Amino acid sequence: MTTPPAEAGPRPAVVVVSADHADTLMSEFERYRRDYDITCASSAIEAIALLGRLRSEGHQVALIVTESELSDMNLLEALSTFRSIVPTARRVVGIHWSRFLQDSETLRPALQKGKFDTFLLIPRGPRDEEFHYAITELLSDWGATVAAPEVEVLRIISPALTPLTMSIRDFLERMGMPYRTYPPDSSAGRAAIALWSADGNRIPAESNLFPDDGTAAPGGSHTSVPTPLVHSLRGAADAVISPDSVRDVAEMLYGRPSDIELETIVDLAVVGAGPAGLAAAVYAASEGLSTVVIESEAIGGQAGTSSMIRNYLGFPRGISGMRLAQRARTQAVRFGARFFTGWPVESLVVEDSSAPYRLRTEGGEVCARSVLISTGVAYRRLGVADLEDLVGLGVHYGAAMSAAREMDGHDVFVVGGGNSAGQAAIHLARYARSVTIVVRRPDLTSTMSQYLIGEIAFNPRITVRGSSEVVDGGGAGRLEWITLRDRITGNQERCAAAGLFLLLGASPHCDWLPDDVERDDDGFVLTGREVSHDRWLGDVPPANLATSEPGLFAAGDIRAGSMKRVAAASGEGASVVPLVHTWLESLRQVQPS
């Protein structure tokens, strides 16, 4: 069954600000005219008026490209004003080749503080694909985080943003899956309901989802259906489900571990698809090892929720955690790895020293000759009962990328002092009226990277509240207020809040492991020399990433003593693969010929 496309709105705008090189820049942006309105202003004042008019007319501004020398305003002052008008637009400074060495040095400190997204050399001739590669990256990032998708893979049918609807949206955002949300009485909602009922689902007759306008929903007048519904738009494979959990959506899209034949024994099972697990999957599969990855939530782990990682090697303009994770997944799949999302591993059975491991999930079992534990960590719970009741209704654990757009014009709070909290605050500041970072320490200097601290200090919408903690909160059906306590004076203050994003440090995620797998006092998996001496092979400790159980490895945040950085976790995941090869060779040597 086919469904009509969503109604198109005004095209997003690209604004060029240039007097001396307007012809060159406008010529370069001709290739984008099909999808964007390309407009030009000859001065900063003219650009400010143009941006205000575009916003008042309902146009989104995707990109502002300004040359480095403006006749009527200081460049950094102009960029700050541009951001105050359209905070979601990406900002590029174009530098003419005659000024590049001088201006690039002058602008670099401002770039480090996030005053704009990048500077580029204005093209000197045709087909300057390096220039356009950078522009396309920025437009792609804007499209993934701001604009509604033009092509939908899924539709969510829901009358309100319930916790389950928000969880499904967040899962789809993290998986890079284009979707839109529709009310049941929209044309898209009615089409999904019709398909759902045509599949034999009974529609109860107690209802009120549809307006009393004489129109009838499929199956009778004024009917109701379980919501949300999720409509997968894949041609002849169109399907609608009424999910009870995010797992049901993951199964519809990606299958379940029981899809693997029971007699199949894979070389490596990776539990957890954060940076460590993804790197291991890429390298193992590329070297010919049969590889299966089982992830309990969305691909990418905590790193996958980061709106922009700017210090990852090889991405000078930064990359979102979602894009990094999905690129790695695509790379691993290309080499033959298989992924199953939404399936927490419930237990690991070690059948004997030479037989495979057996991983049990509610969706089936996977047998493997070796296992990598890369489940990462979970955010600690706040422990305030009234706020726990509002999870998904303004209270979110993690960055909750899909919730950022709902914060437009509101006051929000981010609790946590790590890089993930800083990245979340910067992303939320594109939408929220104000963002307050709440930390128990006096400031961020001991827990956050300096580049993020600099961006936060510059951003007028973000403040840091040190030596503070959230002790209470509530609202009528969704979050409306929180109470902050000063940890030095004990004074409490009630603050209006539409969003509370909790990124509260790390708790290990490995209760499913057998007791024989050694862990430290905090529950992190011990590897290498940290393993008890009586588990060594004579005087030889396990390899650096090997656990107390032969053939069982650990990498990333779950490993005791790990660095808790994306690059470090990726390196550990890749480093596991030679150890897996060595283990598999030892198994072959003990097997009867």
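Here are a few notes on a sheet with its helices, and on one helix pair, in this predicted model.

1. Let's start with the sheet. It is open and has 4 strands, in the order β7-β6-β8-β9, with mixed pairing. At the edges lie β7 (179-182) and β9 (239-241), each of which pairs on one side only. On average, neighbouring strands here are turned by 20 degrees against each other, direction ignored.

2. Next, look at one strand pair. β6, made of residues 154-157, runs parallel to β7, and the two are joined over 4 bridges. To find your place, look for I156, which stands opposite T181 in β7.

3. Two helices pack on this sheet. Helix α6 (residues 163-174) touches β6, β7 and β8 (229-232), and its direction makes about 165 degrees with that of β6. Helix α7 (residues 187-198) touches β6, β7, β8 and β9, and its direction makes about 90 degrees with that of β9.

4. The crossing of α12 past α13 is left-handed.

5. Which residues make the contact between these helices? From α12 come N419, G422, Q423 and I426, while α13 brings Y451, L452, E455 and I456.

Definitions and conventions: Residues are numbered from 1 along each chain as its sequence is written. This is a predicted model: local features need pLDDT of at least 70, side-chain atom pairs count only at pLDDT 80 or more; totals for chains, interfaces and linings use all residues. Side-chain values use heavy atoms; hydrogens and water are left out. Two strands pair if DSSP finds at least two bridges between them. Axes are lines fitted to C-alpha atoms, for helices over the stretch in contact, and angles run from 0 to 180 degrees between N-to-C directions. Contact means heavy atoms within 4.5 Å. A crossing is left-handed if the near helix is turned anticlockwise from the far one by less than a right angle, and right-handed if clockwise.
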